[in-house]
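Colleague: I would like to go through a few local features of this model. Shall we take them one by one?

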Amino acid sequence: MNKTPRSSARVPFWLRWLVPVLLVVTWLAIAGIGGPTFGRLSEVSSNDQASFLPAGAEATEAQDWQAKFRDSNEIPAVIVIESGSAFTPAQLGEAAALKGKLEALGAGSTVIGPIPSEDAKAVQFVVPIDSAGEVKEVVKELREEVQASAPEGMQTFVTGPAGLTADLVSAFAGIDGILLLVALGAVFLILLIVYRSLLLPIAVLFTSVFALCAAILLVFGMAKLGWIQLNGQSQGILSILVIGAATDYALLYVARFREALSHTTDRTAAALTAWKKSWEPIIASGATVIIALLCLLFSDLNSNKALGPVAAAGILCSLFAALTLLPALMALLGRAAFWPFRPKLLPETEREPELVTGLEGQKGLWRATGSLVSRRPRTVWIASVLLLLVASAGVLQLKANGVPQTDVILTASNAVDGQDALARHFDAGTGSPAVIVADEAQAQAVLDKTRATDGVGDAYLLADGGVPIIAGSPAAPGPPAAPGAPTAPGVPAAPAVRDGKVLINATLNFAADSTEAENVVVALRQELKKVDGGALVGGVTATALDTNTTAQRDLVTIIPVVLAVILVILMLLLRSVLAPVLLVASVVLSYGAAMGVSAFVFNNLFGFPGADATVPLFGFVFLVALGVDYNIFLMSRVREESIKHGTRPGILRGLGVTGGVITSAGVVLAATFAALGVIPIMFLVQLAFIVAFGVLLDTVLVRSLLVPALAYDIGPRIWWPSKLGRPETDAAARALPAAPEPEPEPAEAGTR
């Protein structure tokens, strides 16, 4: 009787134990440093307006000029005290006494107010707040002070840009904890159901969490060095994207590992075999998403530019974790990872079945799907295309022209309620004027033209300190200063001049975040250019207008670049031209259908007033890049099987062996993106639905039916112009029997 060779003779100790342990320890160290850094992201994160502005827009240029007219980066908080009846003189006195307390809390320049409304039922203060400080904390203190000091029985609000910023920051507060817990909980539950194992879901979750720790460390470092600009929006998407992508890549590796365990008793050999079989599609998938995300750098919107490298860094860390940490864990655990349903070693004759139709060895849902595809391929893919085209028609109902800032926050907001109170008692644009930068020599002409423009309620030049200039003064004509504005009686005020430019504030008759206000800004820009060709119109309304315009231009600019990049990667992976073109077309069609259904849901079920202008672009980048992932997983396996068995049997074989893992990956990714819905920000809720629904649509319909049926109908020509696409090569592949793998030597106890 021959003595069984020791497993160490077949697999060196350093490869069997040392390398896996070192990899796990290295990742533990990364997680140990990156985990605590998660709580420090707020140090390098900003949710102020500058982090979202279009870089080259007129409003941004106007803001840069506006900064030269003030000593600090201040944003106004507008305080409104509202009464059910007219203020009495005593109540006005109480309100006036509040001014000194507000100046102490605001830590900015002089407070303007109290300004009574025409109906005498409300007063307002404008409190400049230093945007470099803790705006959220200052606004909280203002709200507490105003509520405590206001006349009894009155409602108080702190709104304006500072109030809305504070409430937006509060809405993003759940990103660090709630979002992550919901996403991880959903993934763990799905993995438990899919694998009916306890250890494997934990190993996959460890891979995802450690990848996120590495991504946080990388992003924190880049933000600290000033290479990227981080905000709450990109921070939330980073967490979801890393967890979803790392889990998807892990599932692909696990599927190959389980398959390898059915061919060998050596856990290290199985881990290496799985790595060799899965690294190419995982790298191709990750590269596709990374390059697609980096295409956002072509955007003129700072928020888009920020998301590109942040999300790309997350995908890069997901790749490394899936190709290093997970294989190390599987090499150490072996079959125990699947306990209590450990994969069994198959007889040699069953490991690589000889294919005739491609359905051999399959059963259940995926055998039925393959049978349908093989019997009526043309009917299946035509019906799928028609269904997607019908769903795509809903895109015409998508209102992605931006939404008022007051509609962005989906929970109760004191700032939003304050905007409503302002609209009830003051000029609708109070607190958020249009800001005009003009040449000093043309100041009077620009001021006159501004006042004459329809939709402008008031306009005035500003002196140093942002103080409105008294009307009728020899040096500075203008309307009366707002009540409470600090001016010196009898002393003519001169406008502030910086590098030959003056600043004019124009209060609009419409709410600053309304479509009507944007139309006034468009009219102002057209009219003022006739007087002063270098005049700039900025402010809150102009920023929203330029952001929407830039986002729509980005859509036209970035989409072709992303498609071209994905097409090239697919051609390199599949060694084909026709297959990549058809795959990209199928994913674009799937994107259109997802956006069409989303438009119907947003308008008729959720009752949203519209969608952020960046939603279509973000939806495209995520859906197309991630949708191609599943086609990469499918078609890379189909090509592998086609080389051995022929194209049509290879298609059915590839569909059957990848069906379960790709569907699981799609459900996991949809669940993780759906978790974004717990953050009460309209943009994130909309993106969560679009990506979750689109991924499921792509997984269930496009990858399971449309692509296999279309490829089956075309046959070997799908690989044109490669050698595999020639009929004689395909016939030879079908005639060649599958070469059996060598019988593995019995493994030593403890290596299973």
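Colleague: Which residues make the nonpolar surface patch of about 240 Å²?

Modeller: This is a predicted model. Val25 belongs to helix H2, residues 13-37, and at 47% relative accessibility it counts as partly exposed. Patch members need over 30% relative accessible area, so Val25 passes that cut-off. The patch is made by Trp17, Val21 and Val25.

Colleague: What is phi of Arg575?

Modeller: Arg575 is placed in the loop between helix H20 (540-574) and helix H21 (578-606). With a relative accessible area of 41%, Arg575 is partly exposed. Its phi is positive although the residue is other than glycine, with a value near 50°.

Colleague: Which residue is joined to Gly113 by a cis peptide bond?

Modeller: The residue lies in strand E2, residues 112-116. Omega of the bond is about 5°, and the partner of Gly113 is Pro114.

Colleague: Which residues form the negative surface patch?

Modeller: Glu137, one of the members, lies in helix H6, residues 135-149. At 39% relative accessibility Glu137 counts as partly exposed. The patch is formed by Glu134, Glu137, Glu141 and Glu144.

Technical notes:
Residues numbered from 1 in each chain as written. Predicted model: local features only at pLDDT ≥ 70, side-chain atom pairs only at ≥ 80, totals over all residues. Heavy atoms only, no water. Patch = residues over 30% accessible without salt bridge, like charges linked within 9 Å, V, L, I, M, F, W, Y side chains within 5 Å. Areas by Shrake-Rupley, 256 points an atom, 1.4 Å probe, with all protein chains shown as cover. Salt bridge = Lys/Arg side-chain N within 4 Å of Asp/Glu carboxyl O. Lys, Arg positive; Asp, Glu negative; His and termini not counted. Charge placed at Lys NZ, Arg CZ, Asp CG, Glu CD. Helix = DSSP H or I, 4+ residues; strand = E, 2+ residues; numbered from the N terminus. Buried < 20%, exposed > 50% of the residue type's maximum accessible area, 1.4 Å probe, protein only.
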